[in-house]
Amino acid sequence: MNKMWQYVRENLRKNVNSQIEEVLGKKYSYGQILNELESFETENRIKDPKGKKCVILCNKNIEAIKALFFCWKMDMVGVPLSMQYGKEQCDNIMNSVNPNYIMTDDIKLCKEYIHTIIYEFEGVLLCSLEYKQEEKNLDDVSLMMCTSGTTGRPKASLFSPESLQYNVAAIIDYFPLTNADTILISRPIYHSAVLVGEVLVSLSVGANIIFYSGEYNPIIICNILDRYNITASCGTPTIFKGISSCLSHRREIGKLHTIVLSGEYLLQEYAEDIRKCFPYTKIFNVYGLTEAGPRVSYLSPEKFDLIPQSVGQSLNGVEIKIVNEKGIEMSAYEKGKVWVKTPSLMLGYYQDILLTNNKIQNGWFDTGDIGMLDEMHNLYILGRNDDMIIRFGMNIFPQEVENEILRMNEVKEVLVYGQLIKGIEQIVAEIILCEGYESESCMDIMKKLSVFLPPYMMPQHVKFVKTFMRNSSGKIIRPPKKIRTISD
């Protein structure tokens with residue numbers, strides 16, 4: 001029996017009365033989902049399913065999770081995708097992974113991929129694809145999580161049942177979620193932080209799950225928090241900054257007692273706004289990445305008001321170190337590459353031994369992030385290695401500059417990045433002005449910045465914009481350096 005299916009079945013059986021519900025959609029008890037999965041007969045329509053790759057591409061999260069559980073029952077490798085990130089990304093991943101099957105709740109969504117419909121499982125279609133590739137090295141793999149994919153060849157991380165279950169157990173050690181809780185999950189299970197850190201953790205403790213599969217909208221999220229009596233929710237700082245703005249005029253903030261922030265750098269201003277809106281809520285700031293399974297570290301609520309920009313200390317069994325370009329370990333407060341060693345680390349990248357060997361050395365994974373540790377071994381993430389800006393011999397991280405610019409009353413939001421202009425690295429700041437400051441000019445802003453920003457952090461270019469590109473979670477998309485341009 002597939003180890004992930006055995007794990008899922010045991011937890012569904014243990015918590016039969018817990019509920020899973022889609023906002024304005026279907027509702028099931030854990031027991032009902034278990035009965036559906038166990039009673040459905042496949043009639044041997046899938047020949048030798050073990051190790052076959054099955055893409056999960058559903059509009060609704062509740063259908064996606066049922067489909068994934070079904071894949072594990074069939075001993076297949078689940079590959080979650082999401083159309084929320086665009087057809088181009090899905091096409092790139094499909095062409096890279098070459099799946100054998102696809103499960104979807106919308107045939108129109110996947111009509112370009114589908115070859116033959118095999119059967120329907122409770123509103124989810126299982127279809128075979130034209131890819132005929134046979135593989136024998138996926139027998140120990142239960143999940144394939146894809147990252148990137150908007151350009152070029154996506155990276156697909158392979159995970160064993162043991163690595164997934166280890167990370168779930170390590171998260172449960174500190175996350176105060178119980179079967180009395182109702183958790184809101186508002187991001188696609190395409191994200192490993194959502195699938196492992198929210199869905200599988202909730203399944204393990206028997207928490208009630210509310211899925212919201214619509215586009216990011218803080219007003220809608222606020223209404224869901226109230227309507228469904230949500231007690232726990234996870235999301236990016238941007239999401240909770242938006243929620244805090246919506247709730248700032250209310251006296252009641254519902255029953256939300258636990259918030260988990262992840263997925264992007266937490267600005268000091270955001271931390272303060274979120275705390276002001278949720279003065280009695282336990283707030284965790286956590287860090288992880290897909291390849292690590294995903295959770296690496298967490299900042300406990302007791303430390304949140306003291307060092308909110310830290311992502312805390314490593315999970316049980318996880319090691320973190322900061323190294324320089326030569327792999328030599330750095331001292332406290334010295335900036336360098338973040339390396340992690342964890343039992344939940346991926347098995348490797350799908351069909352990319354070279355990249356796997358480049359990223360994993362002696363069990364240590366190079367995260368691609370730049371950070372530092374303090375004397376108490378609290379981790380601070382300063383940015384991505386490829387987002388780093390070098391000026392006057394100084395390493396500058398966009399988040400550091402953004403944090404300073406947000407001190408200005410005139411600035412509502414800001415996005416900072418490095419741009420090579422005539423071969424020289426320069427700092428660009430795109431700014432959304434607050435209401436009432438529309439008469440400000442770029443030169444006005446630069447003059448005010450020069451008062452408190454050190455010269456090496458001063459932007460050479462300031463642009464006013466109305467909005468930023470965001471993903472479905474509301475997170476600002478920082479454009480890669482190679483496609484950044486400066487308008488004349």
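A residue counts as buried here when its relative accessible area is under 20%. Phenylalanine 468 sits at 6%, so it is buried. Keep in mind that this is a predicted model.

**Around phenylalanine 468**

Where does phenylalanine 468 sit? Look in the segment after strand S27, which spans 461–464. Leaving out residues up to four places away in sequence, phenylalanine 468 touches Glu413, Val414, Leu415, Glu430, Ile432 and Ile476. Further along the chain, arginine 478 comes 10 residues away from phenylalanine 468, and the C-alpha atoms of the two are separated by 9.0 Å.

**The whole protein**

Zooming out, the protein has 13 helices and 27 strands. Its radius of gyration is 23 Å, and the globule rule gives 23 Å for 488 residues, so the protein is as compact as a globular protein of that length. If you want a box for it, the C-alpha atoms fill one of roughly 75 × 55 × 45 Å along the principal axes.

Buried residues make up 58% of the 488 in the protein. As for contacts between residues at least 6 apart in sequence, 68% of them join residues at least 24 apart. How far apart are the mean positions of the positive and negative charges? There are 53 positive and 59 negative charges, and their mean positions are 1 Å apart.

**Two buried asparagines**

Asparagine 61 lies in helix H3, which covers residues 61–73. Its relative accessibility is 6%, so it counts as buried. With neighbours within four places in sequence set aside, the contacts of asparagine 61 are Glu22, Arg187, Pro188, Ile189, Phe211, Tyr212 and Ser213. Arg187 therefore turns up in that contact list too, given that contact means heavy atoms within 4.5 Å.

Asparagine 100 is placed in the loop between helix H4 (87–97) and strand S5 (101–104). At 8% relative accessibility, asparagine 100 is also on the buried side of the cut-off. Here the side chain has a polar atom 2.8 Å from the backbone nitrogen of lysine 53.

Most residues other than glycine have a negative phi, and most peptide bonds are trans. A few spots in this model go the other way. Glycine 293 and proline 294 are joined by a cis peptide bond, with omega at about 0 degrees. Proline 294 is in the loop between strand S14 (282–288) and strand S15 (295–299).

Are they buried or exposed? Tyrosine 333 is partly exposed at 47%, while asparagine 362 is exposed at 77%.

Terms used. Residues numbered from 1 in each chain as written. Predicted model: local features only at pLDDT ≥ 70, side-chain atom pairs only at ≥ 80, totals over all residues. Heavy atoms only, no water. Helix = DSSP H or I, 4+ residues; strand = E, 2+ residues; numbered from the N terminus. Rg over C-alpha atoms; globule rule 2.2 N^0.38 Å. Buried < 20%, exposed > 50% of the residue type's maximum accessible area, 1.4 Å probe, protein only. Lys, Arg positive; Asp, Glu negative; His and termini not counted. Charge placed at Lys NZ, Arg CZ, Asp CG, Glu CD. Polar contact = N/O pair within 3.5 Å; in protein donor to acceptor, adjacent residues only side chain to side chain.
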